[in-house]
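Colleague: I am new to this structure and would like to learn how to read it. Please show it to me first.

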Amino acid sequence: MFLATAAVAFLLPLYVMVVTSIKPMEEIRLGNLFAWPVRITLEPWVQAWTSACTGLECGGIRVGFMNSVAIVVPSTILSILLGALNGYALSFWRPRGAQAFFVVLLTGAFIPYQVMMFPLIRALATLGLFGTLPGVVLIHTLFGMPVMTLLFRNYYASVPHELFMAARIDGGGFWRIFVQLMLPMSLPIVVVAVIMQVTAIWNDFLIGLVFAGHEWLPMTVQLNNIINTTTGERLYNVNMAATLLTSLVPLTVYLVSGRWFVRGIAAGAVKG
Amino acid sequence: MVATVLWVYVGSVLWSMRISVSSSRTLPISDFVGLKQYARLFDSERWVLSLQNMALFGALFIAGCLVIGFLLAVFIDQRVRAEGVLRTVFLYPYAMSFVATGLVWQWMLNPELGLQSTVRGWGFPNFKFDWIVQQDTVMLAIVVAAVWQACGLVMALMLAGLRGIDESLWMAARIEGIPKWRVYLSIVLPMLGPSIGTAFVLLSVSVVKVFDVVVAMTQGGPGLASEVPAKFIIDNLLVRANIGLASAASTVLLLTVLALLAPWFYARAHAARRSERSARALRASATQGAAA
């Protein structure tokens, strides 16, 4: 009974989003949040995608979607590669200062981005990368590294050390062992990492807001602009359609990945 | 490469701290004014208010998530049917962004067309639920949204903990005739200590970082009633060109996080050492046994 009530309560916002997004404005103005629409319309979805306005521009949320894709794909790949490399180096090669590096990373996984924001803005501006796609990708990669390194380090800690030693005796070097032995073995954890990074980067708001300049605003920032900066009548149905569109990618990832998603959390996910 | 990363992390944090003891406004100036920015910071009503808001939000949000998450986990652990479906339902908000969360709840809590008007339409004309537009309740509205988003995470962590508990415990409790709720409260809850600790740390770090959901839901309003530190910093950094003040504020935030993390790190290191020691003892006794 408790569970059923809780489940309904949890699903309520999703239901409200869906229902609102397919209602015409006349029905929304009646003020009954839960009522099923009398006349179902897909107009709000079309409008949200193609012509919703953020300030003066009315290109719909489509632009943000493309930007988010352009940001998420390279950031995910880069941060996972670097995380795997770091984790591998930390677990097997144990360079000098590994312990200190590890502590910094662990702390880095938790500290608020704001602490590093201004220096990073300046650094990017100096490099001419501020407000560009490579700039945003770089920042995401940088901020994704602590968690990714931890994830891979914990995974490699469970790989028998003898395996590594055998590869060493057979003449494998740093890169060869990584590429030919460790990476293929890491498939399960790579899946977890992809799920974590795609969701986290897609859902990011702060980095997009600060570093993306004007041209590369991700979908979340654009969504917020559409809803919170509109003047004139608020089109709640369009707003909810846009919100659903923005949530579609992470929700799909979540539904498809199921238990893997939970594994990501259990594997010491320290996102947020 | 490792060195580069270290340099970026440590360097940028140090740089921020350096700015926080200068008189920088729009551009960084390398003079030294001691703790003046910090004094200014704590003189600022807006900052103090945002700290209070964060404390209130944090206390309610963490308590709410832990209690609801624990209850959900316990109920799901009773071998219910459709466990998979229920888990999916409770965790899906966690996959949504804070922005989307804030926007949905902004709409649901909208007093003119949202829950309030709906319930009034059901024949309760005096029903009142306008937390989001009242200065003294707006933080509660944000807590509701944030708990909805994050308590599935706590459920997942607790459920993993519950599944790790030995069946024999339940057997023993049944033989002794101890009611189930007593077992949960007095035995299982303490056993879940590590899971609760992890959940607590994750939640409190997200409290310190809380930004997106506030921006999306209330933009810090009505007035300044839902201002939070992370937003204060971004505003001063990007809009109000007050980087000295913003850096001082972010240093305070950093110290808060470190203060939250230190006991947890310590506990984890301690636990790791202990388990290592007991593993070694076990191995030693095993070899002794073999020798004998």
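**Reading a helix and a helix pair**

Modeller: Helix α8 (residues 161-169) of chain A has 9 residues, of which 0 are buried, so it lies largely in the open. A residue is buried if 20 or more other C-beta atoms, placed from the backbone, lie within 10 Å of its own. Helices are DSSP runs (H or I, at least four residues), numbered from the N terminus. This is a predicted model: local features need pLDDT of at least 70, side-chain atom pairs count only at pLDDT 80 or more, and totals for chains, interfaces and linings use all residues. Residues are numbered from 1 along each chain as its sequence is written, with chains lettered from A and ligands numbered from 1 in the order in which they are written.

Colleague: How many helices and strands has chain A?

Modeller: Chain A has 14 helices and 0 strands. Of its 272 residues, 48% count as buried.

Colleague: At what angle do α6 of chain A and α12 of chain B pack?

Modeller: Axes are lines fitted to C-alpha atoms, for helices over the stretch in contact, and angles run from 0 to 180 degrees between N-to-C directions. Here α6 (residues 114-127) of chain A and α12 (residues 229-239) of chain B pack at about 20°, with axes 10 Å apart. That makes α6(A) roughly parallel to α12(B) (angles under 35 degrees).

Colleague: Which residues meet there?

Modeller: Contact requires C-beta atoms, placed from the backbone, within 7 Å. A:Gln114, A:Met117 and A:Phe118 meet B:Ala230, B:Ile233, B:Ile234 and B:Leu237.

Notes. Buried ≥ 20, exposed ≤ 12 C-beta atoms within 10 Å, placed from the backbone. Helix = DSSP H or I, 4+ residues; strand = E, 2+ residues; numbered from the N terminus. Parallel < 35°, antiparallel > 145°, perpendicular 65-115°, else oblique. Contact = placed C-beta atoms within 7 Å.
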